[in-house]
Structures are given as structure tokens and as C-alpha cells.
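Subject: Structure handover

Hello,

Here is the structure we talked about, with notes on what was found in it. Please look it over before you set anything up.

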Amino acid sequence: MTRMLVVEDAPQLARVLVINLQALHYDVDTAPDGATALRLASVRPPDAVLLDLGLPDRDGVDVIRGLRGWPRAPILVLSARQSSAEKVSALDAGADDCITKPFGMDELLARLRAAVRRAEDLPLARKTSLVETADFVNDLLAKKVVTGERDVRLTPTEWHLLEILVSHPRRLFTQQHLLHEVWGIARHDRTDYLRVYMAQLRRKLEKDPSHPRQLITEPGMGCRFEA
């Protein structure tokens, strides 16, 4: 059974979501605000999260960042906000998909199933949290990257992409898989996003970014990490 965390401050919508999810045999926890959501996630880690961006105690983007401190679970953002900049901020913080209110329940559940499938398709992560290469050291647990003796500052999106690759050495991830996983379904066709962020990671981590040894792109296919 998949455990869902529904973070929604509108009681009527939260009740509708719970009824529909329980009818599909999801185990559902609910939180009316960000603080409750983070507390519940710490004691009952969810398999997936439905999160309203407009919470009464804190911005939903901050909650996304907090939830990313636990083992990865897909986060689907529910938003009445029309601004694309706010949705991009949510995706950059680690959300997997953004759904604009009002939405159809069938579409929401289909996107949820797709997000859960993508998470389940990932092979088990490596048992050690420390990934060492000739050019950099990546501590997955501490979310820290070091080149030489210098800490490297990565954006949340850069970290998310790097974490996927280094957790599964030598696995070739397709472009579509990475775009779904990092930017959500709304960005599935934006291969330019992937090209730009891979280039940024190489500039920050590889000794010779024009001839990368660890962060490899296979043209027309996808990306992989070589330890």
C-alpha cells in the first residue's frame, strides 16, 4: 500500500482528496499546514506527497525543500497560482509536477500514478553515501560536494540531477526520464533544460568540462555517471 501525505489547508478539498485516495487503497495522512507536514513526514515517511503551495504558516516551496531531507518521494504541487515563475520555483526546489487548481480528479490521479511509477522504476540506491571520483567527492547524506578542498555550491535543481546520476553509476538515464524526474511532467519535452544543467554541473565539477570523465551525455539517448 502506498502511503500518501496530503498537505492542504482547505478542509473540503482535503476531504475530497482523502476519499478518492482511500477508495484506491492508498494509506493517507493529512496536514493542514507546513509544520504538521514536516512533522508527519519525519515519523511516517510518505511514498508520495500532494502539496498545496498556499499554506497558512509558510510558503509551500519551503516545505518542498524540507521534505527533500527525507528519502525521495515524488511531490505533486497543487496550486491556484497562475504565475509560471512560482511553479518554476516549486520545480527547482524539488517538486515533480505542478497541477493548477481547479483540476479534474482523473487527471490528478493519473499524474500521481505516473509519479509513483517513475519513483519505483529507479533501482535501489547505492548503500554508501560517499561517492568519490578523480575530480570530486559527493556526500549524498550530507548533500555536499567537494572538489579538492573546496565546497561546491549547487542549486537545488543541480543537486537533484547530480544525486540521481551518482546514486546509480553507469546506468544510462533517458532524457525523458530525467526531465520527468527533475522538472516534472510539464517539462518533459524541454531537452534544452537538461543540456544547460549538465553543462553547469560539468563546469563546477569536472577538471576539463569540454572532455568530461564522470558526467557523460550520450547524444540523443540520455546521461550517465562514470565513477
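Of the contacts (heavy atoms within 4.5 Å) between residues at least 6 apart in sequence, 58% join residues at least 24 apart. The chain has 227 residues, and 48% of them are buried; buried means under 20% relative accessible area, exposed over 50%, and partly exposed in between, with a 1.4 Å probe and protein chains only. There are eight helices and twelve strands, taken as DSSP runs (helices H or I, at least four residues; strands E, at least two) and numbered from the N terminus.

This is a predicted model, in which local features need pLDDT of at least 70 and side-chain atom pairs count only at pLDDT 80 or more, while totals for chains, interfaces and linings use all residues. Residues are numbered from 1 along each chain as its sequence is written, and side-chain values use heavy atoms, with hydrogens and water left out.

The annotated site

UniProt lists D52 for "modified residue: 4-aspartylphosphate", in an unreviewed entry. UniProt positions are given here in the numbering of the model, feature names are shortened, and annotations may be inferred rather than shown by experiment. D52 is part of strand β3 (residues 48-52) and is buried, at 6% relative accessible area. Apart from neighbours within four places in sequence, D52 contacts V7, E8, D9, G60, L78 and K101.

Two of those contacts lead on to other features. G60 belongs to helix α3 (residues 60-67), where G60, V61, V63, I64 and L67 are buried. These residues lie on the same side of α3, because they cover an arc of only 155° around the axis, the arc being that of the directions from the helix axis to the C-beta atoms. Their cover includes β1 (3-7), α2 (34-43), β3, β4 (75-79) and α4 (84-93). K101 is joined to P102 by a cis peptide bond, with omega about -5°. P102 sits in the loop between β5 (97-100) and α5 (105-121).

Most residues other than glycine have a negative phi, and most peptide bonds are trans. H25 has a positive phi of about 70°; H25 is in the loop between α1 (11-23) and β2 (27-31) and is exposed, at 60% relative accessibility. R170 also has a positive phi, near 70°. R170 lies in the loop between α6 and β10 (173-174) and is exposed at 56%.

The second largest pocket

This pocket has a volume of about 160 Å³. Its lining consists of Q175, T191, L194, R195, M198, R202, T217, P219, G220 and C223. Helix α8 (residues 191-205) gives the largest share of the lining, five residues. By type, the lining divides into four nonpolar, four polar and two charged residues.

On a 1 Å grid over the protein atoms alone, a pocket is an open set of points with protein on both sides within 12 Å along at least five of seven lines, and lining residues have an atom within 4 Å of a point. The volume is the space filled by probe spheres set on the points. Ala, Val, Leu, Ile, Met, Phe, Trp, Tyr, Cys and Pro count as nonpolar, Asp, Glu, Lys and Arg as charged, and the others, Gly among them, as polar.

Two further buried residues

E158, in helix α6 (residues 156-166), is buried at 2% relative accessible area. Leaving out neighbours within four places in sequence, E158 contacts R153, Y197, Q200, L201 and K204. T147, in strand β8 (residues 144-147), is buried at 13%. With the same exclusion, T147 contacts D135, F136, V152, K204 and L205.

Regards

Conventions:
On a 1 Å grid over the protein atoms alone, a cavity is a set of points where a 1.4 Å probe fits but cannot get out, and a pocket is an open set with protein on both sides within 12 Å along at least five of seven lines; lining residues have an atom within 4 Å of a point.
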